[in-house]
Amino acid sequence: MNQHIRNIRATALFCILGTAVFAQPNRWQQKVKYKMDIDMNVANNQFTGKQKLEYWNNSPDTLGKVFYHLYFNAFQPGSMMDTRSQRQGTIQAGRGADWDPRVKDRIKNLKPDEIGYQKILKLTMNGRPQKFEVLETILEVRLDKPIAPGAKAVFDLDFEAQVPLQIRRSGRDNPTTGVRYSMSQWYPKMCEYDYEGWHPTPYVAREFYGVWGDFEVNISIDRTYILGGTGYLQNASQIGYGYEAPGTKVVRAAGNKLTWKFIAPNVHDFMWAADPEYKHLTKTVRNGTTLHLLYKATGTAAKAWEDILENAVIALPYIDKTFGPYTYKQYSFIQGGDGGMEYPMATLLASPGAWLHEWLHNWYQGIMGTNESLYAWMDEGFTSYAEDRVSAFLKKPEGPEQAGNYAGYFSLVKSNKEEPLTTHADHFNTNGAYSAAAYSKGAVFMEQLGYITSAQVRDEILLEYYRLWKFKHPNAADFIRIAEKKSDLKLDWYKEYWVNSTKTIDYAFDSLWEEGGKTKIRLKRVGMMPMPIDLQLTFKDGSSEMHYVPLDLMYGAKPAEDSIRRKVYPAWKWTSETYIVETDRRLGDLSVAEIDPSQRMADVERKNNRIKI
Ligand SMILES: [Zn+2]
């Protein structure tokens, strides 16, 4: 998107019928434009690459160096990924060793023709050779002349690479899927420089962060291979394999190889996969968006893959409406990789089950582009939350909506291995605590936000967050500010407790008594994290009342969420451990009193939330 248009939009701030329309944030960000010519040798799994990278320094800073990621270098014995994985293997977590079962100690056993590497043969900036140093998975380039604020530099980089045997995410000849090439993290990729500085994160198997930009990628490969990936194929009529427009006569060039020409606008990464046995199905949804499926499974196993497209067509209108419209013209579900992994416009799936989760990453990893290393929960957590909602819409839930996410969080608390969500994704002590925090506690953040602000306001927050922060790398504070503006509540305390700390929620009944014909109930905060309270009273005659006590730190109250008669109290001050509510009904009329009957509050001890008289 053009920067000037963005600035004009940012000045539009006005109010309609009391509903504030908020300005588009105007945070600067770098921009890249890659052009890559790749020549793949499928006999030895090596390829050469010529990369031209135009780099716009939109920051206010003068850059004396730049950094690239060289992810494939992680797949060498003794690498940081190898060292870390082997160490995690010595730690007990839950049912077994803490290492990723896909990585284990496999890296140390890789033979020379099975390792991965990216070798830099030549690197120039604006035509002048540059000094660089390869620090395993990071390339550090000391520039002979710094890049001034607002200036553009052109880097030309020649490299050669070997595709590692599939260990984690990318690689060749996956032992389970049999897919020849899963090409993620495969090219020298400029690290992101943002308001928090450079992010040259050594690759230890975890999260990603990249610079928004445009990709032009030309891949020459053995003509029997069928490709899928991030970009739009530009020369479909010279390639065929299901990419050509219906009725087009495909004319392929002579020779052993075909050159696949892709472009991908406004993405922060580019992935591709290739296999001679891929079957390729497509489905066009709404005007001009095409869903692609590339898979190898045959017989009865093929059905689950083919169902992906059917379900995706049903789900997309609901997803667009709930989380914001999908912005690209294409999305590809591709058999490959291990587990499931998200990339812009595409996913690699070892099995079809993860299709929905990975697809929904396109909203949080792909389109928001949050720094996953720092805010993994805003990617994995929001995606897991969305996955449960869409599963419920598709009537294919694995249980009550979000119940799995709450269970994951509660068992994390019980494990005593919990670390705050602010922990850098690479630096959690255990993989188990990272996963439960990022996926489960992150998803609970969103469902519980609905408890605090009301589900309806939370849904408005989701759409406003998407509208204002797409393609801008939002952080946790950015999200909270949107939530505050949409709900007209102060919510900084929610971030500080839920994200920055490991304090937990536990409310309980202290006592009930009758006084002057009225029933009084004293509630007690047992846990250290304060929350607003929904208390439902059900009477023997079948009627009920909702007693709502806002938290003082909110400076407001959520709207009523249902038609039950509601009584709103003055705020509960966070420093007070108890609070007394009362009903005009007699104690003998009361049947059940329940704190948080919707169970959206992540109360770690729910046994003391309900009393039956
Ligand atoms: Zn995920």
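**Aromatic contacts in close-up**

**View A. A lysine over the ring of Tyr232.** Lys329 is placed over the face of Tyr232, at 5.0 Å from the ring centre. This model is predicted.

**View B. A lysine over the ring of Tyr451.** Here Lys558 lies over the face of Tyr451, and the distance from the ring centre is 4.6 Å.

**View C. The pair of Phe75 and Tyr203.** Searching the whole structure gives 51 aromatic pairs. In the pair of Phe75 and Tyr203, the ring centres are 6.4 Å apart and the planes stand at 80°, so the arrangement is edge-to-face. Phe75 belongs to the loop between strand 5 (63–69) and helix 2 (80–88), and Tyr203 to the loop between strand 17 (197–198) and strand 18 (213–222); the pair therefore ties together parts that are 128 residues apart in sequence. Phe75 counts as buried, at 0% relative accessibility, and Tyr203 is also buried, with a relative accessible area of 2%.

**View D. The pair of Trp186 and Trp272.** The ring centres of Trp186 and Trp272 are 5.9 Å apart with their planes at 90°, so this pair is edge-to-face. Trp186 is in the loop between strand 14 (181–183) and strand 15 (189–190), whereas Trp272 is in strand 22 (residues 272–275); the pair thus links distant parts of the chain, 86 residues apart. Trp186 and Trp272 are both buried.

**View E. The cluster that includes Trp186 and Trp272.** Ring pairs join Trp186 and Trp272 into a cluster with Tyr34, Phe47, Phe159, Tyr187, Phe215, Tyr241, Tyr243, Trp260, Phe262 and Phe270.

Terms used: Residues numbered from 1 in each chain as written. Predicted model: local features only at pLDDT ≥ 70, side-chain atom pairs only at ≥ 80, totals over all residues. Heavy atoms only, no water. Phe/Tyr/Trp six-rings, centres within 6.5 Å; stacked < 30°, edge-to-face > 60°. Helix = DSSP H or I, 4+ residues; strand = E, 2+ residues; numbered from the N terminus. Buried < 20%, exposed > 50% of the residue type's maximum accessible area, 1.4 Å probe, protein only. Lys NZ or Arg CZ within 6 Å of the ring centre and 35° of its normal.
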